[in-house]
Amino acid sequence: CKALKSVELNEGLSSMFAGAFYGCAALEEITMPSTLKSLNSSSFRGCSSLSSVTLNEGLNSIGTRAFRDCQSLKQISLPSTLSSLGVGAFYSSAIESLEIPESQITIADSLCYGCKSLQSIKVSSKTTTVGKCAFAGCLKLENLTLPDNVSSIGESAFRDCKSFTEFTIPKLTRVLSGGLFQSCDNLQKVNFHNEITSIGNYAFRYCTALTSISLPELITHVP
């Protein structure tokens, strides 16, 4: 559908098939019906002109890579009813800001991987897990505050976050995964807590602005 520019879906639709509008490069806007419950994988992947998406309250899930490579999509409002946000949902999109609903416990792997325009993100206070490469390559993301109940942060979650200057490790996080801050070359300060026990390989590789760190006494593994 190379010429399709606008879509308004009919009431009564509850699910969108995987890849429904995959590669519709001219599509600019779409409005979801109030009855929609799920967007399946790659629903709008490669819709490079898509700039306006209205998601309905009542939407429960957004599938993997649903908005991948949507390079004109700068803003999107996620409904409070959302319980599942898939791997790479906004991979390499133009999103500038994002607010994760309180219903989200896990931030999926590669959620915003390569979102070079992402400047701010608000994470749910209930979040416990940040997936691998979740925000890797978010060049303009300056600060990210994670709630203290985050216990797991995946490998390379913040790799190449070039605008990071300071980061505070959540109190329940015990292990700093491999490559966590790799190539964060403006990172100047990392605030540790005393319960950290392990630092993974290349966690601070190429952090050229980080001149000193004070490691907690309980650390038993440093590569």
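Modeller: Strand 4 (residues 38-39) and strand 6 (residues 61-62) pair in the parallel sense over two bridges, where strands are DSSP runs of E with at least two residues, numbered from the N terminus, and two strands pair if DSSP finds at least two bridges between them. This is a predicted model, in which local features need pLDDT of at least 70 and side-chain atom pairs count only at pLDDT 80 or more, while totals for chains, interfaces and linings use all residues. Residues are numbered from 1 along each chain as its sequence is written, and side-chain values use heavy atoms, with hydrogens and water left out.

Biologist: Which residue of strand 6 does L39 stand opposite?

Modeller: The pairing of strand 4 with strand 6 is parallel and rests on two bridges. Within strand 6, the residue opposite L39 is I62.

Biologist: Which are the edge strands of the open sheet of four strands?

Modeller: That open sheet has the order 2-4-6-7, with parallel pairing. An edge strand here pairs on one side only, and this holds for strand 2 (15-16) and strand 7 (84-85).

Biologist: What is the order of the open sheet of three strands?

Modeller: Strand 11 (residues 129-130) is joined to strand 12 by two bridges, and the two run parallel, with V130 standing opposite I153 in strand 12. The edge strands, each pairing on one side only, are strand 9 (106-107) and strand 12 (152-153). With parallel pairing, the order of the three strands is 9-11-12.

Biologist: Turning to the aromatic rings, how many aromatic pairs does the count come to?

Modeller: Rings of Phe, Tyr and Trp (its six-membered ring) pair if their centres lie within 6.5 Å, and planes under 30 degrees apart count as stacked, over 60 as edge-to-face and the rest as tilted. By this rule the number of aromatic pairs is 12.

Biologist: Why is the pair of F158 and F164 tilted, and at what angle are the planes?

Modeller: The ring centres of F158 and F164 are 5.6 Å apart, and the pair is tilted because the planes stand at 45°. Both F158 and F164 are buried, a word used for under 20% relative accessible area, with exposed for over 50% and partly exposed in between (1.4 Å probe, protein chains only). F158 also forms a tilted pair with F167, their centres being 5.0 Å apart, and both of these residues are buried. The angle asked for, between the planes of F158 and F164, is 45°.

Biologist: Which residues do ring pairs link into a cluster?

Modeller: F158 is found in a ring pair with F164 and in another with F167. The cluster linked by ring pairs consists of F135, F158, F164, F167, F181, F192 and F204.

Biologist: Over the ring of which residue does the charged end of R68 sit?

Modeller: A charge sits over a ring if NZ of Lys or CZ of Arg is within 6 Å of the ring centre and within 35 degrees of the ring normal. The charged end of R205 sits over the ring of Y202, 4.6 Å from its centre. For R68, the charged end is 3.9 Å from the centre of the ring it sits over, that of Y91.

Biologist: How many residues apart in sequence are the parts that E99 and K122 tie together?

Modeller: E99 forms a salt bridge with K122, the closest N and O atoms being 3.9 Å apart, where a salt bridge is a side-chain nitrogen of Lys or Arg within 4 Å of a carboxyl oxygen of Asp or Glu. K122 counts as exposed, at 52% relative accessibility. E99 lies in strand 8 (residues 97-99) and K122 in strand 10 (residues 120-122), so the separation of these parts is 23 residues.

Biologist: Which residues are linked in a network of salt bridges?

Modeller: D160 forms a salt bridge with R159, with 3.6 Å between the closest N and O atoms, and K162 forms one with D185, with 3.3 Å between them. K162 is partly exposed at 27% relative accessibility, and D185 is partly exposed at 28%. The network is made of R159, D160, K162 and D185.
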